[in-house]
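Hi,

Here is the structure I said I would pass on. Have a look at it first, and my notes come after.

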Amino acid sequence: MSDRILAAVMAAPRQPIEIREYARPDLPQGAALLRTGRSEVCGTDVHLWHGRLSGVPYPIIPGHVSAGVLQAIRGPLRGIHGTPLREGDRAVFFDVHRTCGRCRPCAVHRTPTRCVERRVYGITDPADEGLFGGWSQAIYLEPGVHIARLPDRVTFDQYIGGGCGLLTAVHILERAALRAGDTLLVQGTGAVGLSTIALARVSGAATIFAIGAPATRLDLARRLGADRVFDLNATSVDERLEQVQELTGGEGVDVVVEAAGSARAFEEGPYLARDGGRYVVAGHYTDAGASSINVHTAINRKHLDVRGCWGSEPAHFVRALAMLEQLGPAVPLASIGERTYRLDQLDQALADAESMRVTKAIVDPWASA
Ligand SMILES: [Zn+2]
Ligand SMILES: [Zn+2]
């Protein structure tokens, strides 16, 4: 790798993506440089591009979940599994860093994803501080970042196919307290919804329902494990409720997961759950506006358990990796990644992700025209 590193920078919302050149960073003790193999364009990147996330220090290098090869290490350096990391290792890292362990959310409430100090690669790390994003030929892994060797049988494309959606899905099913034999309905068939379906399938869910669009994503939802899919645009709220009731003995499902990011989804979701069921809300990562519900019929009388799900923790990263290693190609997550883009094609990638022309856009920063 030469001393000049190319990165795609989002200078401000709605601005064309710029390619900038960075010098190869000097590594302090405990740091590493990852030669990026694959990164991704996820729903969050589209939100970043629209300026819909608060507290983002533009300009940034987007791409918060990535995989690559450890190019340089100023060691010794141990991975999150406790084993030494070596130059040349295929590696991935947990995008959340600087979680402090001392603030009230960390130390008192034990909700580290709400830590006041935490930063996230590709989202809340400024581009003028260095290579803190995956839309770059190399990523600076500062001391303290959780790094893991990528298991031999897991390809870059498989890891990125799941990507941030897979980590979120691990957290969602934890919040959902999914038990073997539970029925589950996922609202939304983007990367988070699809990963949740795949994970629920191998976690012993009984019937899995999905509501989403377009048809290509519904096909993918079936391949990943959904038993019954509803086209959001071809069915009405009443039709979906009626059919879910019919297919669950008149009860509704045990667990509903909101992964749609739509205010309308939250108005529908509670009614698809059975009385005493669980409703996990994960799709409203940005402000999608107000939902209007009748609290009496949607929550109180249903004895419904409603839970938010924000970000992920190192444990979700480790468990996502373990699952990928164990199941390998049995879970076709790589098929969520539909098309691979070069650094100079990322305006197109964002447009394709936004318009749902691709389920997930993958980034290969070393691909050349
Ligand atoms: Zn993401
Ligand atoms: Zn903290």
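Below is what I found, beginning with the conventions and then going site by site.

This is a predicted model, in which local features need pLDDT of at least 70 and side-chain atom pairs count only at pLDDT 80 or more, while totals for chains, interfaces and linings use all residues. Residues are numbered from 1 along each chain as its sequence is written, chains are lettered from A and ligands numbered from 1 in the order in which they are written, and side-chain values use heavy atoms, with hydrogens and water left out.

**Zinc sites**

For the zinc ion (ligand 2), the coordinating atoms are SG of Cys100, Cys103, Cys106 and Cys115, at 2.3 to 2.4 Å. Donors here are N, O and S atoms within 2.8 Å of the metal (3.2 Å for Na, K and Ca), and as water is not among the atoms, sites may look incomplete. Angles between the four donor atoms around ligand 2 run from 101 to 123 degrees, so the arrangement is tetrahedral (four donors count as that if all angles lie between 85 and 135 degrees). For reference, the ideal angle for four tetrahedral donors is 109.5 degrees. The spacing of these donor residues in sequence is C-x2-C-x2-C-x8-C. Cys100 counts as buried because its relative accessibility is 15%, and Cys103 is buried too, at 11%. The cut-offs are under 20% relative accessible area for buried and over 50% for exposed, with partly exposed in between (1.4 Å probe, protein chains only).

Cys42 sits in the loop between β3 (32–41) and α1 (43–50), and His64, 22 residues apart from it, in the loop between α1 and β4 (67–73). Cys42 and His64 are both buried. Helices (H or I, at least four residues) and strands (E, at least two) are DSSP runs, numbered from the N terminus.

**The parallel sheet and its helices**

Six strands make an open, parallel sheet in the order β12-β11-β10-β13-β14-β15; two strands pair if DSSP finds at least two bridges between them. At the edges are β12 (228–231) and β15 (305–308), each pairing on one side only. Between β14 (residues 273–281) and β15 there are four bridges, and Val281 has Gly308 as its bridge partner in β15.

Helix α5 (residues 215–224) has Arg217, Leu218, Leu220, Ala221 and Leu224 as its buried residues. Down the axis of α5 these fall within an arc of 160 degrees, so they line one face of the helix (the arc is that of the directions from the helix axis to the C-beta atoms). They pack against α4 (191–202), β11, β12 and α10 (346–354), with contact meaning heavy atoms within 4.5 Å. Turned away from that buried side are the exposed residues Thr216 and Arg223. Just after α5, Gly225 has a positive phi of about 135 degrees.

**Two other spots**

Strand β8 (residues 138–141) is covered on both faces, with Ala138 and Tyr140 buried on one side and Ile139 and Leu141 on the other. β8 pairs with β3 in the antiparallel sense over four bridges, and Leu34 has Ile139 as its bridge partner.

Asp344 is in the loop between β16 (337–341) and α10. Asp344 counts as exposed because its relative accessibility is 51%.

Cheers

Note on methods: Tetrahedral: all angles 85-135°; square planar, octahedral: opposite > 155°, others 65-115°.
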